[in-house]
Structure formats: structure tokens, C-alpha cells
Amino acid sequence: METETKQIFNQNNFEGLSDSLENWNALTGENRESLLEYILSSLVRQNYPFYESESKIVLVYKGKAQTVELLSDITGWTDQIRFKQVGGSDLFYLKIELEPDARIQYLLVVDGNAIVDPANKFKSLHGLGAMSELAMPNYERHPYLNEFLFGSEGSYDDLVRHILPFGVLRYDHEVHIYLPPEYSAKMKYPTVYFHDGADYIRFALAPYSINRLITGKKIEPCIAVFVTPPNLHQPEEPNRSTEYGMNEDYVKFFCDELVPFVDSNYSTIRSEKSRLVVGDSYAGLISFYIAFSRTDVFANAYSQSGYFSFNNDRLMKLMNEQPTKPIRLYFDIGTYEEKVGADFLPSGELDFTNANKKLREILLYKDYDFKFKEYHEGHTWGNWRRHLIDGLIYFFGNKGKLK
């Protein structure tokens with residue numbers, strides 16, 4: 001296993017590569033031939049990308065094309081960055097400078113068509129497909145995720161499926177339950193509830209990571225509940241947007257229908273202090289709102305890249321105006337989340353990075369019990385699957401056990 005890990009993280013270091021490509025015509029024929037051979041063999045072996053230093057990296061594309069561009073977290077998936085062409089050949093390159101511990105996801109746009117980078121074996125999945133992943137030298141991958149680095153999904157195996165009939169929301173919900181190893185009705189377990197349930201299973205690898213953390217004695221055994229919104233990844237309503245936009249009926253469904261269902265069918269600790277609610281983006285917003293508005297049911301919430309700019313900072317204003325609630329909060333954000341949803345969200349609400357920082361200042365002022373983390377990453381499942389592990393340890397680890 002150690003050998004496999006070293007192979008996975010082997011880096012192709014090539015100081016001065018971009019300068020050589022920039023001055024291609026000034027190189028001797030022999031040097032050009034040698035350099036091209038090295039580049040092509042690296043692409044074939046997927047020993048790629050090329051690291052010029054701990055903060056500089058070179059991407060390369062070889063193929064017949066008029067234009068090659070980068071679409072990525074760097075510019076919020078809006079503006080594209082043009083590759084340079086090497087001496088009129090079919091070789092294109094782009095030098096990028098990032099923080100030494102950054103991790104981004106990207107696509108190549110070749111003559112207008114977005115594709116994953118064919119030379120890059122590292123991929124992360126999301127609801128509409130795969131993206132290529134670029135991790136800088138000081139980025140800390142988690143060893144639990146090694147087998148998923150090249151585009152594998154999480155599994156529904158061993159999860160218990162339920163369909164909750166319509167109630168206050170007037171439509172059904174699909175719910176999956178994770179039970180810890182050696183689950184026993186004679187014991188009582190804390191619970192963690194996930195919005196965007198199907199995506200947390202498939203893309204954030206939540207059941208897999210929870211299981212690894214429990215068996216590795218990193219966290220206490222817990223029950224996990226994955227709630228999937230209707231019309232998953234579709235624009236038809238109802239959907240996650242209609243549910244997660246601080247929808248009071250959804251809060252009633254979650255707290256007054258879902259939680260009692262879980263408590264009546266599984267061996268849970270029936271206390272708000274033993275329940276955690278988790279979500280990403282829009283689901284991060286509703287997770288904090290549920291804990292804030294229903295402290296009788298949830299005393300803990302974790303938001304990943306939360307959409308706290310929603311509706312003119314509505315939740316932040318409520319938290320600033322109302323008395324401090326007896327809840328524990330954990331939230332993280334990427335520095336490359338300044339243009340989230342540029343093609344469909346209001347223009348004044350795109351900067352998730354700044355909104356999360358604003359929320360941090362409010363929580364400090366109101367003396368909330370919270371932890372805030374910032375990473376050089378974007379608004380992606382690759383970000384959330386890695387740092388979900390940290391959040392679970394924070395709440396369920398030896399120092400932060402939910403009682």
C-alpha cells in the first residue's frame with residue numbers, strides 16, 4: 001500500500017519548462033526534439049502535470065486545435081484562460097501560479113468543446129459528470145480517498161432505503177440510512193443528517209468516510225441520514241432550491257417528520273445535542289438555518305461552502321439581530337468561491353467567500369461556539385469530500401463528541 005501511495009503522489013518536476021516552451025524557436029533542433037519526447041512520454045504515462053516550483057505549474061495539451069482554453073475554479077467558471085501554442089505546432093501550454101497548498105478543478109475547452117484533460121488521471125465527480133483535478137505540492141490529500149482519486153463514485157451498498165410519504169410538503173422524499181458496524185438496538189447512537197443525500201453518498205463519499213473513521217476509532221459510532229431533494233439535478237420544481245431557501249415548510253418536514261421517523265425506527269439518542277445537520281452550498285444555508293431556528297431539535301450544524309449571501313444576507317441579519325443561540329457551528333469555504341452560480345444567481349450574491357467571512361465576524365461578535373476554516377479550493381465536491389472528514393472528526397471525535 002505504501003508503494004501505491006507513493007506512485008499516486010509522484011510529481012513530475014520540471015523547472016524552467018515554460019521558459020523553454022516560450023523560447024521554442026531559439027532552441028536547437030536536438031533540444032526541441034529531446035524536450036518534445038519528454039513531454040509526450042509524460043502525457044502518455046499520465047505523469048502530469050508539470051511542476052516548475054511549489055507554486056508554479058504547467059498544463060500541456062497536444063492535438064489538432066485552433067484554440068485551447070482553461071475553464072476552472074480560478075475564475076469561477078466564467079472567464080476562460082487561453083493556452084499558448086508552441087511554434088505553430090499542435091502543442092499548447094499554460095503556466096499557472098497558485099498557492100502551494102491549493103487544489104482546483106478544471107476542464108479544457110478545445111475549439112469550444114469542454115473536455116476533461118486527457119493527460120490527467122486525477123478526476124472529481126459531480127452531478128453533471130467529471131472534472132480534472134489539479135493539486136499543488138503542499139496540498140494534503142487524505143489517505144482514505146486514495147482509491148477514489150481517478151473518478152470513482154461512492155456506493156449505496158449496505159444503506160437502508162426509505163420513502164417518506166408526503167406530509168407538510170405534499171410530496172415524497174427518498175432517504176437512505178447508514179448504520180455503524182455492529183449496530184445494536186441495545187445501544188443509543190448520535191445522528192448526522194445530510195441534505196443533498198444522494199450527492200453526499202456518490203460524490204462526497206460520506207458513508208465510506210464515516211465507516212473508515214468509525215473502524216479506525218477516529219470518531220464514535222453514529223447513524224447517518226441522507227435526504228435527497230426531489231427532481232435531483234433538474235430545474236423542475238420542487239427541487240433543492242425551493243427546499244433550501246430557508247423554506248419554513250421544509251424545516252417543519254425535516255424537524256417534525258423526518259427526525260421523529262428516524263428516532264422511532266432506529267436506536268438514536270433523542271437529544272438536540274446529539275444531532276448534527278450537514279449541507280453544501282444551498283444546503284449549507286439550510287443546515288445553519290435549521291440549527292438556528294429549531295434549537296429544540298438540532299444543536300449542531302456543519303456548512304460546506306454555504307450560500308450565506310442568499311436573499312440579501314437574510315440569515316446573517318437574523319443571527320446578528322436575534323439573541324445568541326445555544327448551538328455549535330462549523331463551516332468552511334474556498335478562496336476560489338467568489339463567482340459561484342454566475343449564470344443563475346443574483347449578481348450581488350455570487351461571492352460566497354466574502355459572505356462566509358462576513359458570517360464569521362457576526363458569530364465572533366455574537367459570541368457563538370463555532371469553528372471556521374478557509375482553503376485554497378473551489379465550489380466542488382472534491383473540496384467537500386476531503387474536508388467532510390475534518391468536520392466529522394470535529395463533532396464526533398474524542399474531543400468533540402456529541403452527547
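1. Tyr282 is buried in this predicted model, because its relative accessible area of 12% falls under the 20% limit for that class. Tyr307 also counts as buried, at 2% relative accessibility. The rings of these two tyrosines have their centres 4.9 Å apart and their planes at 80°; the pair is therefore edge-to-face, as the angle between the planes is over 60 degrees. Tyr282 belongs to helix H8, while Tyr307 lies in the loop between strand E17 (300-304) and H9. The two residues are 25 residues apart, and their pairing links distant parts of the chain.

2. Two rings carry a charged group over the face. The charged end of Arg141 sits over the ring of Phe122, 4.5 Å from the ring centre. Lys325 lies over the face of Phe292, and here the distance to the ring centre is 3.9 Å.

3. Helix H10 covers residues 352-365, which gives 14 residues. From its first C-alpha to its last, H10 reaches 20 Å, close to the 20 Å expected at 1.5 Å a residue. Asp367, which follows H10, has a positive phi, near 60°.

4. Which residues of H10 are buried? They are Phe352, Thr353, Ala355, Asn356, Leu359, Ile362 and Leu363. An α-helix has 3.6 residues a turn, so residues three or four places apart point the same way.

5. Glu374 is located in strand E19. This residue counts as partly exposed because its relative accessibility is 35%, between the 20% and 50% limits. With residues up to four places away in sequence left aside, Glu374 touches Ile333, Thr335, Thr353 and Lys357. The side chains of Glu374 and Lys357 are joined by a polar contact of 3.2 Å. Glu374 and Gln66 are separated by 308 residues in sequence and by 38 Å in space, C-alpha to C-alpha.

6. An open sheet is formed by five strands in the order E1-E2-E3-E7-E6, with mixed pairing. E1 and E6 are the edge strands, each pairing on one side only. E1 and strand E2 (residues 50-51) run parallel and are joined by two bridges. Within E2, Tyr51 is the bridge partner of Asn13.

7. Strand E7 (residues 91-97) is largely enclosed by the rest of the structure, because five of its seven residues are buried. Strand E3 (residues 56-62) and E7 run antiparallel, with seven bridges joining them. Tyr61 stands opposite Phe92 in E7. In a regular strand the side chains alternate between the two faces of the sheet.

8. E7 also pairs with strand E6 (residues 84-85), in the antiparallel sense and over two bridges. Lys84 has Tyr93 in E7 as its bridge partner. How many residues lie between E6 and E7 in their hairpin? There are five, and Gly87 in the turn has a positive phi of about 50°.

9. Is Asn12 buried or exposed? Asn12, found in strand E1 (residues 12-13), counts as buried because its relative accessibility is 3%, under the 20% limit. A polar contact of 2.6 Å joins the side chain of Asn12 to that of Tyr38. Residues up to four places away in sequence not being counted, Asn12 touches Tyr38, Ser42, Asn47, Pro49, Phe50 and Tyr51. One of these, Tyr51, is also the bridge partner of Asn13.

Methods. Residues are numbered from 1 along each chain as its sequence is written. This is a predicted model: local features need pLDDT of at least 70, side-chain atom pairs count only at pLDDT 80 or more; totals for chains, interfaces and linings use all residues. Side-chain values use heavy atoms; hydrogens and water are left out. Helices (H or I, at least four residues) and strands (E, at least two) are DSSP runs, numbered from the N terminus. The expected span of a helix is 1.5 Å times one less than its number of residues. Buried means under 20% relative accessible area, exposed over 50%, partly exposed in between (1.4 Å probe, protein chains only). Rings of Phe, Tyr and Trp (its six-membered ring) pair if their centres lie within 6.5 Å; planes under 30 degrees apart count as stacked, over 60 as edge-to-face and the rest as tilted. A charge sits over a ring if NZ of Lys or CZ of Arg is within 6 Å of the ring centre and within 35 degrees of the ring normal. A polar contact is a pair of N or O atoms within 3.5 Å; within protein, one must be able to donate a hydrogen and the other to accept it, and residues adjacent in sequence count only if both atoms are side-chain atoms. Contact means heavy atoms within 4.5 Å. Two strands pair if DSSP finds at least two bridges between them.
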